[in-house]
Every structure is written in structure tokens, then in C-alpha cells.
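Please consult the sequence and the structure shown below while reading.

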Amino acid sequence: MKTASIIRLAAFAFLGGLMLSQSATAQQTGEVKDQEFIIRKDRVLTLPPKSRRFEKLPTLPTPSSSNSFTYEPKSYAIQTQASEITATAAQKQFPKKREELFPGFARVGLGNYSSPILEGRYNLWEDGDYNAGAHFKHEGFYTGPVAGRNSAEHFTNFKADGNLYKDFFQLYGGLKYDRHQFNFFGYDPENPLLADYIPNQNTLQTFQIHAGIADLEKLEGVNYDARIGIRGFNDQFRASENEVLMAIHTDYWLNEKMFSSIDLDLSLTTPRDEFYQDINRNYFGIRPSFEYRDAQLEVKVGANIIVENDITLNKRSDFHVYPDVFAAYQIQDEIGAFVNFAGDVHRKTYLDFVNENPFLGPSNALLNTIQRYKVSAGAKGTLLDNLTYEAGFSFGRFRNMHFFNPSASDSLRFEILFDGETQVLNYFARAGFKYENWYFGSFGVDYFQYTTSELQGAFHRPSVEVKWNNNFRPTEDWLIQMNVMAMGGIQVFEVGTDNITTLPTILDLQLKADYKINDRISVFAVGNNLLNRRNQRFINYPVRGIQGILGATIKF
């Protein structure tokens, strides 16, 4: 590369010198004559746009399924808060945007179920080469849907992060603390024998710290991002888990359309619980791939190479190698097709399980999910410049897929069940629609069909999931949201009987409105579960009924 650059530079210098020498000779040997210059105002010099090697963005995004099947009324984060600054070296030369004039914000609110909310963030930035910020949030529900304080719940979060920029790379890091306190209130409050019952309380605490280094110039050559982290978790009983994480991403662009990449993931965990301790669960993954992208075609050929040490009866080896192949072709804007075939080993820690179902009791084992293969195909496109869609199906076979069911020894808590071989068929459809600048909506539906080999059913996994989100902005000062979520076909095994029952369909309607009084102050109103349904994501644990919050946000 250096030799070629030197040759090109020498050639330009030679040609430039030749032209200058010829011009000087003409001036010396010829007589200077009168010249006429014509200025053309209608002539405009234009440069062709530089081709981009990144994937062409669709007009609108299409919604996607979370596949985690968690359900809880989400808190409303007002969109008029001060932006979290993520500066880059290129941005340091530009003036700050108007919304960046306020480095901090504070939000307060109050609702029924004795539910205060307090949130704030403050950013530090200068014209130098660093930025930093801190965020705090507490949201409490001091009464709940069952026996008042017996079903209280509190969330507290704190995080701080920062970046230091150098000429060619950045250093970044941060820490985070999460606390979730709740009660095991899944009992029958109408039972006279439980009139004075006080359920056990649990507190989940997670502390994380991470640091990393990444290059700033992403346009050519080798790009990299390396990150290391430490995480600790414990509950109020005997469950705990420590983890050391390392992730490295590198890619190299061969030209504007082709690049190769390698991802490395390392996870070392030491979980403890009532029935096990001194366990080391190790996971190491290498994911090399080669990709080609242009305006119509996208092809990826890669592999997932995993080494992990879980002990199971249906396991042949700790070493796994699976293909990862993807192809998509956009025939035209209105229609395109895609297909994917991949195998993998999905890392599952105790924290992953408890984040999905906080009402866990003592666990007997923790296992990763082995995706033997998964094939998916479908079509996607953009219609009328305002409507995007995606529809298709997927089919896969998995080992050690996890499910939840009430524990036989304590019906207020759940145990993790693993199935030896599970087949999952999924039909999905998504759509997104935008009208000018005042409406955006997205719609998604998924149908799942599970075939288990050892369990009697796909306990606590829904067969149907529907999401419909709407955003209205009638004026610059108003933001209105209406969200509908439905989840059905959740099978559960009733403790003490041999019956398998299906929970009532979950149907949740949320309305949110925010009004900006001025550049500094806004007010908001939130309504959750406005249909006042007794929704149960997990059996015997209903969510709160109609719940509203009123509050205000101020920037400073």
C-alpha cells in the first residue's frame, strides 16, 4: 500500500511539473495577447456521491419479536429528556445541537398503587476529548394487585458511563447497579386460613462494571472493538452468580461490498444455589464470517464454533461447530426474499432465567440452549414508500430448551425445566407504516408451535404473540402513544393434579401522552392495563389492574 501510494504521488508530481514547465515555456516564447473570459453562472460543478458499503436502510423499520416472552407493564420514558451524549471524534468539530444545551433532566411522577417515580440523568461534556454521564431511577409500587402491601414491588437502577477519545481510538467504560424487590404473592387471598399470611420477600441485586477499547475510523482497513466486564448477582436467599465476560469484534473490508469479520465471546460463571455450589460454567465462542452486500444482494457465509462445559445426558461433546448462512435478494423495492440456516449454542446464565421469571425458587441445574439447526425464509419489501412488511416462517430443533412451572415443593415459586429435544415452528408477520411526520405505527404477530420430547407441554411459553404500537405527533408539543399487546395459548401444569390448563389470554392496552410546555418543562400522563384485565404471565401472579401515573420532566 505504501509503495503504490508513493508511485501515484510521484506520477502526479511528474505530470504537474511537466504542465508547469510547458506553461512557463509558452509565456517566455510567445507574446502576451488580449484574452476574453466568459463567466457562466449556470454552470455547476458536482461530485458523484461516494458509494457506501453499508446496507441500504429501508424506509421504515419493521417490528420484531423479542422471543423472551416476558410480560410486564413497562414504565414510560418521556422522549423530551436530555439526550445521552455519545460523542465521536468527528462530532467534536460541530456546534452542539439545541437539545444538547441541557446536560441534565429530572423526572417526578405519582400514580395509584402508591407508585412514585423519580428519575434523573446528568451529562458532562466539554470541547475536549471526553464525556461522562450518570443516570438514576427509582420506581415503586408500594401496594399491588393482591392484598395490598403483600404484592408490593420496587425497582432501583443506577449507571454511570464515560468515553475518552484519542486520535485513532476511544476508551470507554461504565458501571451499573440494578435492584428489584418483590414478594412471592401467588397465593389465594380469599382463603380464610391465609387471612394474616405475609409472603416471603426477595431482592435481586446485580452489579456490573465494564471497560473497552475501539477504533474510531470505521471506513477502511481493520476495525476492532474489545470489551471486558465483571458482573455479580445475588438474591435474598441462596442464589448467587459471578461472571467474567470478554467480547472482541474485528472486521476487515476487502472493498466497498465485501468484508470479513470474527467475533469472540468468553463467559466464565460461578453460580451457587441451594442444591449446587463451586460450579464453573465456561463458554467460549468464535464466529468467523464473510459477507457481500450491494443494493440488491446480501450473502453471509460463516460458522459458529463453541466450546462449553455443561454436563447433560444428551450431550456428545463440549465442542460444537455449526454453519451460519444467510442470503437475501431484493428483486425490487416492493418485493424481496431471504433465507437463513444456522446452528448455535445460546448462552444461558442464572441471571437470564431470573430476568425472564423473577419468581424462581431453587434450581437444580443451569444449561445452555443448543440450537442444532434453525432454518427461516420469507419475503420483505416497501410499498408506497410508507409501508414496510416482512413475513415468513422458521423451523428449528433445540436441545435443553427451558420452560417454567410451579415447584412441587413450593407452589409460590417456579422451577426451571429443560426438554431434551424440542422442535419449534414459527410463523411471523410484521409491518410498519408512517404518514408524514405525525404518525408512525408498527404491527407484529407470531405463532409458535412446540413439539417437546420429555415434557408434557411447552409450559409458560405462549403460542400467539401480537404487538401493535402507535405514535401520534399532532403538533410539535404533543406526543401520544397507544400500544396493544396480546399473548395467548400459555399452558401450565397445575401443582397437585395431573391437569394441564391454559391461562386466559393476556390483553394489555396502554395510553401515553406527553406535552411540552417549553424547551425545559414537559408534563406526562400514562395509563397501563386500561382494560383492567387480570393478566397472568405466570400462573397465580396477576399484574396490576388499571394503573395511571401523572408527572413532569424538567431539563437543566
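This is a predicted model: local features need pLDDT of at least 70, side-chain atom pairs count only at pLDDT 80 or more; totals for chains, interfaces and linings use all residues.

**Strand pairing**

Strand β1 pairs with two strands, as the table sets out.

| Pair | Residues | Sense | Bridges |
|---|---|---|---|
| β1 and β2 | 104-111 and 115-125 | antiparallel | eight bridges |
| β1 and β28 | 104-111 and 547-555 | antiparallel | seven bridges |

On the β2 side, G111 lies opposite S115. Three residues separate the two strands of this hairpin, in which Y113 adopts a positive phi near 60°. Towards β28, G109 has G551 as its bridge partner.

I209 belongs to strand β6, which spans residues 201-215. With a relative accessible area of 40%, I209 is partly exposed. In soluble globular proteins, by contrast, nonpolar side chains tend to be buried together.

**Nonpolar cores**

The largest nonpolar core comprises 31 residues, and those with the most contacts inside it are Y350, V354, F359, L360, F414, I416 and Y541. At least two residues of this core come from each of α2 (350-356), β17 (414-419) and β21 (478-488). The greatest contribution is that of α2, with four residues.

Beyond its neighbours within four places in sequence, F359 is in contact with F182, N183, F184, F185, L412, R413, F414 and Y541.

Terms used. Residues are numbered from 1 along each chain as its sequence is written. Side-chain values use heavy atoms; hydrogens and water are left out. Two strands pair if DSSP finds at least two bridges between them. Buried means under 20% relative accessible area, exposed over 50%, partly exposed in between (1.4 Å probe, protein chains only). A nonpolar core is a set of buried Ala, Val, Leu, Ile, Met, Phe, Trp, Tyr and Cys residues joined through side-chain atoms within 4.5 Å. Contact means heavy atoms within 4.5 Å.
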